[in-house]
Amino acid sequence: MKQGGQDSAGTEPTGGPAGQVTIRFLDVGQGDAILIQSPEGKTALIDGGRSSDRMRDYIRDLNLDKLDLMIASHADADHIAGLVPAATLKPRVFINNGLGGTTQTWERLVKNLQDAGSTFTKASNQTVNLGSVKLRVIAPPPGMGDGQNENSVGVALQFGTFRALMTGDSETPETEGWLAQERDDLRGPFQMYKSIHHGAANGDSAAWLAYVRPENVVISVGASNTYGHPTKTALNLYKQAGARVYRTDRQGTVTVQGSGDGTYTITTDR
Ligand SMILES: [Zn+2]
């Protein structure tokens, strides 16, 4: 529970857009699933976790009856399995890294999206307006080959002066590529930031965190996972960056509600 950023400056234009953006870092065990809702009720789902059953439960519990946008950061199962049932919510647009998966899970996702009439779009640094919430889709930098992690699609969310950044399982070569681009859309601070690759040692780096300057880090990770996530390396980096750390394995779903003036509230399941 935390209020951050500067004090409210009142109404527009200094206070930014009206209402609040809600971002839920869903507890899906070892994996990522991030649900974004605009003040106008528009919805986007970035990744869906590794369990279709678990995502079905969230769809029911959160009364989700439609999706405006679905983004797959990359095609690994811990990110797309839950997107398979979510595709029946008929997202108008589906954005991914342009690299198809090689699994039956991927094939099921594609089939459900085709049945839903979704438009398939490759990440190309486009900005998508989700109501008054702007989602900047961060395409992988050139030269990443065909590995899924290093071709993770990022999303930089902006709502007035409130900002959040999620970049899937991007490994160090990808963040180095983005740093070389000296991108303004990735220049911090970000009030909310998703730990790269569940706190793996090959994700976040000191140079990257110095650039994106996270105030709060959410690690989306399963309890007692076999990968050793999050690593001490990553936890130390977040500490050195002065960021508050939230973990889905210990706190459950982490929800942030951001206002256009940059203030926000973070709540957790436990
Ligand atoms: Zn992953």
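Below are legends for a set of close-up views of this predicted model.

Residues are numbered from 1 along each chain as its sequence is written. Because the model is predicted, local features need pLDDT of at least 70 and side-chain atom pairs count only at pLDDT 80 or more, while totals for chains, interfaces and linings use all residues; side-chain values use heavy atoms, with hydrogens and water left out.

**View 1. The whole chain, for orientation.**
The protein has 8 helices and 15 strands; these are DSSP runs numbered from the N terminus, with helices being H or I of at least four residues and strands E of at least two. Its radius of gyration is 17 Å, close to the 18 Å that the globule rule gives for 270 residues, so the protein is as compact as a globular protein of that length. (That radius is taken over C-alpha atoms, and the rule is 2.2 Å times the number of residues to the power 0.38.) Along the principal axes, the C-alpha atoms fill a box of roughly 50 × 40 × 40 Å. Buried residues account for 57% of the 270, where buried means under 20% relative accessible area, exposed means over 50%, and partly exposed is in between, using a 1.4 Å probe and protein chains only. Of the contacts between residues at least 6 apart in sequence, 67% join residues at least 24 apart; a contact here means heavy atoms within 4.5 Å.

The unreviewed UniProt entry carries the annotation "domain: Metallo-beta-lactamase" over residues 30-197. UniProt positions are in the numbering used here, feature names are shortened, and annotations may be inferred rather than shown by experiment. The span is 24% helix and 27% strand, and its end C-alpha atoms lie 10 Å apart.

**View 2. The zinc site.**
Four side chains hold the zinc ion at 2.1 Å: Asp78 (OD), His79 (NE2), Asp169 (OD) and His198 (NE2). Donors are N, O and S atoms within 2.8 Å of the metal (3.2 Å for Na, K and Ca), and water is not among the atoms, so sites may look incomplete. Along the chain the donors follow the spacing D-H-x89-D-x28-H. The angles run from 88 to 150° for the 4 donor atoms, which makes the arrangement irregular. For the record, four donors count as tetrahedral if all angles lie between 85 and 135 degrees; four count as square planar and six as octahedral if opposite donors are over 155 degrees apart and all others between 65 and 115; anything else is irregular. Asp78 and His79 are both buried.

**View 4**
Strand β7 (residues 127-130) runs antiparallel to strand β8 (residues 133-138), with 4 bridges joining them; strands pair if DSSP finds at least two bridges between them. Leu130 has Val133 as its bridge partner in β8. The hairpin leaves 2 residues between the strands, and Gly131 takes a positive phi near 60° there. On to the next pairing: β8 and strand β9 (residues 154-159) are antiparallel too, joined by 5 bridges. Here Leu135 is partnered by Leu157 in β9.

**View 3. The β14-β15 hairpin.**
Strands β14 (residues 254-259) and β15 (residues 264-268) run antiparallel and share 5 bridges. Val256 finds its bridge partner, Ile266, in β15. There are 4 residues between the strands, and Gly262 in the turn has a positive phi of about 95°.

Most residues other than glycine have a negative phi, and most peptide bonds are trans. Lys90, in the loop between α3 (83-86) and β5 (93-96), has a positive phi near 55°. At 52% relative accessibility, Lys90 counts as exposed. His197 also has a positive phi, of about 50°, and sits in the loop between β11 and α6 (206-212). At 11% relative accessibility, His197 counts as buried. As for cis peptides, one joins Gly188 and Pro189, with omega about 5°; Pro189 is in the loop between α5 (172-180) and β11 (190-194). Another runs from His229 to Pro230, with omega near -5°, and Pro230 is in the loop between β12 (214-219) and α7 (232-240).

**View 4. Arg108 and Gly260.**
Arg108 is in helix α4 (residues 104-116). With a relative accessible area of 46%, Arg108 is partly exposed. The C-alpha atoms of Arg108 and Gly260 are separated by 38 Å, and the two residues are 152 apart along the chain.
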